[in-house]
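Thank you all for coming. I would like to walk you through one model this morning, starting with the chains as wholes and then turning to some individual residues.

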Amino acid sequence: MTSFYGLGALKGLIVTLRYLFRKPFTVEYPDEKLVPNPRFRGNSFVWYEDRCTGNGACAKACPLGIIRIVTHPTSRPDIGNLYAIDRFDIDTGRCMFCALCIEACPYDAVFMGNDFERATKTRDGLVIHKEDLVTGAKLPTQQFRPQLEAMEYKGEEELDQHEAGRWSL
Amino acid sequence: MSNEIISFFNTFLSTSQSEAMATFVGIFFLINFVIIIVAFMTLLERRLLGRLQNRIGPNRTGPNGLLQPFADVIKLLTKEDIVIPAADRWPFNIAPLLALMPALSVWIVIPFAPTWILADLDIGILFVIAITGVSVIGVFMSGWASANKFALLGSMRSVASIISYEVPMILAIIAVVLLVGSMSMQQIVLFQSIPLVLVQPASFVIFLLAIVAELNRSPFDIVEAESEIIAGYHTEYTGMKFATFFLAEYTAALAWSAVVVTLFLSGWRIPFVQADIHPFIDGLVFLIKTIFVFCIFVWFRGTWPRLRIDQILGFSWKVLFPIATLNLVITAIEVLVFNDVFAVAEGETLPTIALVAMGLINIAIFIVVGIALNKFIKPIDQEPQSYPVTREGMTL
């Protein structure tokens, strides 16, 4: 193949020269951010209080037992069995983001979020409380939620509970 | 330019004193200018290397990373200066300066413009070779004084590679000197109505590769091969002493780039334009060319992996040395014959047509030698021998 001494070295030089005129692969993170994958299991959760019945399926499904739910009985004629939620804490400091809680929820009340910038200086800061879930951005991901995939939802705009769930409660 | 400085000092000093002062002023400006350029060359190298490797490189310190050299200097200045107890103190401390001094001294004979040269020595290029030879002592001294086997190994390798690469390098220079008929750097530049890289491409390639080895830059950087001997000869150096070595390395790289520009790329002259225009424009042209050659070194570094020591020495003695010798002999014959054919009188230079003919002959020889080398030189690494593997997976 190489009929001339040092031709291979020259070819190598041309290969690297081509890279010189190419856009670098590097993403300068704080300045430019990539959009996460639609099924991204992010470092956050999206929870719709109106869809949640307080049945605790997610807490039971959690292999690590890090979802803490405190409820008290109430009634809503249109649904029947319903618990009002007092506390809904997820300790993401111990969470492994397996999304089994999302799979367990029969009412599409909890979703994986696409946030990944939740670094804190304390372990307590990693616990997501009910208030954070209520006020947090409603940017669910497609993880175990085929209806979002059918919508071709990419996590760009916030969804309310009617849009995110399979049926309205 | 120097006349104005001398006349300025003449207002309050005697003539000889003001001449000396003018030299000092020249040296002061030259050294500071060179060191500032070198500081930005380190940034250029890192940015360019980044782009060659599909990444960006340092760009967050100041606009486009322009303040990075200053950040580096501050970091190195504030580092603790450690002299290990086992070290031989005097050589250990002198070595960085001994490495830096020759790299800065080369700039004495670099012609930036027709009048901008600190000393237009008749033996300019010989001075360059002689003074850069001293830097080996600095490197070897540091390795010897460090009381560290890796440092010693690194400096030994440095000496081995530099000594073997000086031979083809000097042979390549001699071919140019034969052609020009002078060792003065200014004369070499003035000779080049067409850049000598077109007349002596073989010399150019040999010289460029020999310099890369001389500077211990990749792919010939066995001297500081991280994967083998930590940092080579400057393993034990910290802070400003290390910075001095670093500076010496880059100053030498830039100085050799300037020598390449002088010898082969027609120095401060814009190619194919006859006269000098203005010292500032000439100086700018020279600087741009120098940076361009430096970028070629970076390009090499970004492309070629590090060679083994036997490959490096083999490349010098088996490939570069024969080509350089052949090139020298043929150039000598060419100069003799063309001087006769074109009836060049004493003190005149060869006509352009002769130079073009030389260039064509040189390229032809280069191609023939390249094909011949490919025939005769077997790669050092043979294909790994394949062993028959039995059913049990044992190697026979």
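Of the 169 residues of chain A, 36% count as buried, where buried means under 20% relative accessible area, exposed means over 50%, and partly exposed is what lies in between, with a 1.4 Å probe and protein chains only. Before I go on, please keep in mind that this is a predicted model, in which local features need pLDDT of at least 70, side-chain atom pairs count only at pLDDT 80 or more, and totals for chains, interfaces and linings use all residues. Residues are numbered from 1 along each chain as its sequence is written, chains are lettered from A and ligands numbered from 1 in the order in which they are written, and side-chain values use heavy atoms, with hydrogens and water left out.

Let me stay with chain A for a moment. Its secondary structure comes to six helices and five strands, where helices (H or I, at least four residues) and strands (E, at least two) are DSSP runs numbered from the N terminus. Along the sequence these elements follow the pattern α-β-α-β-β-α-β-β-α-α-α. The radius of gyration of chain A is 23 Å, whereas a compact globule of 169 residues would have one near 15 Å; this radius is taken over C-alpha atoms, and the globule rule is 2.2 Å times the number of residues to the power 0.38. Along the principal axes, the C-alpha atoms of chain A fill a box of roughly 85 × 40 × 30 Å. Chain A exposes about 10,100 Å², and carbon and sulfur atoms supply 55% of that area, as computed by the Shrake-Rupley method with a 1.4 Å probe, where for residues only the protein chains shown count as cover.

Now to chain B. What does its secondary structure come to? There are 14 helices and zero strands in chain B. Here the radius of gyration is 23 Å, which agrees with the value near 21 Å that a compact globule of 396 residues would have. The box filled by the C-alpha atoms of chain B, taken along the principal axes, is roughly 90 × 60 × 40 Å. Of the 396 residues in chain B, 48% count as buried. The accessible surface of chain B comes to about 19,200 Å², and 70% of it belongs to carbon and sulfur atoms.

**Inside a helix of chain B**

Is Met169(B) buried or exposed? Because its relative accessibility is 0%, Met169(B) counts as buried. Leaving aside its neighbours within four places in sequence, Met169(B) is in contact (heavy atoms within 4.5 Å) with Phe207(B), Ala210(B), Ile211(B), Glu214(B) and Trp256(B). Met169(B) and Ala213(B), which are 44 residues apart in sequence, lie 9.9 Å apart in space, C-alpha to C-alpha.

**Charged pairs**

Side chains of opposite charge can pair when their charged atoms come close. A search of the whole structure finds 14 salt bridges over all chains, a salt bridge being a side-chain nitrogen of Lys or Arg within 4 Å of a carboxyl oxygen of Asp or Glu.

In one of them, the side chains of Lys130(A) and Glu49(A) meet at 3.0 Å, N to O. This pair links distant parts of the chain, 81 residues apart, with Lys130(A) in helix α4 (residues 130–135) and Glu49(A) in the loop between β1 (45–47) and α2 (57–61) of chain A. Lys130(A) counts as buried at 14% relative accessibility, whereas Glu49(A) is partly exposed, with a relative accessible area of 34%.

Another salt bridge joins Arg166(A) and Asp108(A), at 2.8 Å, N to O. Arg166(A) lies in the segment after α6 (161–164) and Asp108(A) in the loop between α3 (100–104) and β4 (110–112) of chain A, 58 residues apart. Asp108(A) counts as buried, at 0% relative accessibility, while Arg166(A) is partly exposed at 48%.

In chain B, the side chains of Arg46(B) and Asp72(B) meet in a salt bridge of 3.1 Å, N to O. Arg46(B) lies in helix α2 (residues 15–52) and Asp72(B) in helix α3 (residues 68–77), so the pair ties together parts of chain B that are 26 residues apart in sequence.

Finally, Glu28(A), Asp31(A) and Arg60(B) are linked in a network of salt bridges.
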